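This briefing covers a predicted model.

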Amino acid sequence: MRIYICSFLALFFSITVSAQDKELYRPNENAEEALGKIISQAGKENKHVLVQVGGNWCIWCRRFNHFTTTDPTIDSLIKSSFVVYHLNYSKENTNEAILAKYKFPQRFGFPVFLILDGKGNLLHTQNSEYLEDGTGYGKAKVLAFLKAWTVAALDPASYKGK
């Protein structure tokens with residue numbers, strides 16, 4: 001009986017994790033409206049927006065999300081400096097208008113990252129290839145990328161007297 005219970009629990013948790021993973025990107029969402037809310041939130045919180053463009057079909061997109069949310073240092077930096085949005089790109093919805101507005105970042109492949117300010121202005125487009133290390137992402141590379149695009153990093157007051 002215990003083996004059945006253990007098997008059931010293992011299956012339940014794997015399905016739950018898998019379902020959560022599948023919900024990372026939402027093809028049916030009105031992305032313009034959702035991103036507008038995220039941008040507004042970032043402006044109010046004096047943060048930038050980290051837009052991860054990709055899809056549920058993209059293994060590297062899921063790897064990046066898992067990597068950044070399970071590493072305490074990176075997760076803390078993201079939470080303190082950014083509001084994150086996962087912008088869907090899939091056969092169901094390519095979000096062409098938004099990607100055109102932000103200068104066609106899909107040209108770099110997926111995932112691709114956009115850094116927006118609290119008004120929605122594009123500050124930077126990051127090709128994720130430069131953050132990779134082997135079959136995953138490099139902690140030092142990801143931290144350097146994120147630190148370079150915080151609000152504080154772009155504040156001229158941070159550099160007075162240096």
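A residue counts as buried under 20% relative accessible area and as exposed over 50%, with partly exposed in between. F110 has 21% relative accessibility, so F110 falls in the partly exposed class. The model is predicted.

- Strand β1 (residues 48–54) and β2 run parallel and are joined by seven bridges.
- Within that pairing, V51 has Y85 of β2 as its bridge partner, and G54 stands opposite N88 in β2.
- β3 and β4 pair in the antiparallel sense, over five bridges.
- F113 is opposite Q126 of β4.
- The hairpin of β3 and β4 has five residues between the strands, and G120 takes a positive phi there, near 95 degrees.

**Helix α6**

- Which residues of α6 (residues 139–148) are buried? They include V142, L143, F145 and L146.
- These four cover an arc of only 160 degrees around the axis, which puts them on the same side of α6.
- An α-helix has 3.6 residues a turn, so residues three or four places apart point the same way.
- A140 and K147 are exposed, and sit on the face of α6 turned away from its buried side.

**D71, between two helices**

- D71 lies in the loop between α3 (59–70) and α4 (72–81).
- Is D71 buried or exposed? Its relative accessibility is 13%, so D71 counts as buried.
- A polar atom of the D71 side chain lies 3.0 Å from the backbone nitrogen of T73.
- The backbone nitrogen of I74 also lies 3.0 Å from a polar atom of the D71 side chain.

- N95 is in the loop between β2 and α5 (96–101).
- With 11% relative accessibility, N95 counts as buried.
- Leaving out residues up to four places away in sequence, N95 touches A31, L87 and N88.
- N88 is also the residue that G54 stands opposite in β2.
- N95 and E32 are 63 residues apart in sequence, but their C-alpha atoms are 8.6 Å apart in space.

**Aromatic pairs**

- How many aromatic pairs does a search of the whole structure find? It finds seven.
- One of them is F64 with Y137: the ring centres are 5.0 Å apart and the planes stand at 85 degrees, so the pair is edge-to-face.
- F64 is in helix α3 and Y137 in strand β6 (residues 136–137), so this pair ties together parts 73 residues apart in sequence.
- F64 and Y137 are both buried.
- Y89 and F110 form a stacked pair, 4.7 Å centre to centre, with 25 degrees between the planes.
- That pair also links distant parts of the chain: Y89 is in the loop between β2 and α5, F110 in the loop between α5 and β3, 21 residues apart.
- Y89 is partly exposed, with a relative accessible area of 25%, and F110 is partly exposed at 21%.

**The aromatic cluster**

- W60, F64, F67, F113, Y137 and F145 form one aromatic cluster.
- F64 and Y137, the edge-to-face pair, belong to this cluster.
- F145 is among the buried residues of α6 and is also a cluster member.

Notes:
Residues numbered from 1 in each chain as written. Predicted model: local features only at pLDDT ≥ 70, side-chain atom pairs only at ≥ 80, totals over all residues. Heavy atoms only, no water. Buried < 20%, exposed > 50% of the residue type's maximum accessible area, 1.4 Å probe, protein only. Arc of directions from axis to C-beta. Pairing = 2+ DSSP bridges. Polar contact = N/O pair within 3.5 Å; in protein donor to acceptor, adjacent residues only side chain to side chain. Contact = heavy atoms within 4.5 Å. Phe/Tyr/Trp six-rings, centres within 6.5 Å; stacked < 30°, edge-to-face > 60°.
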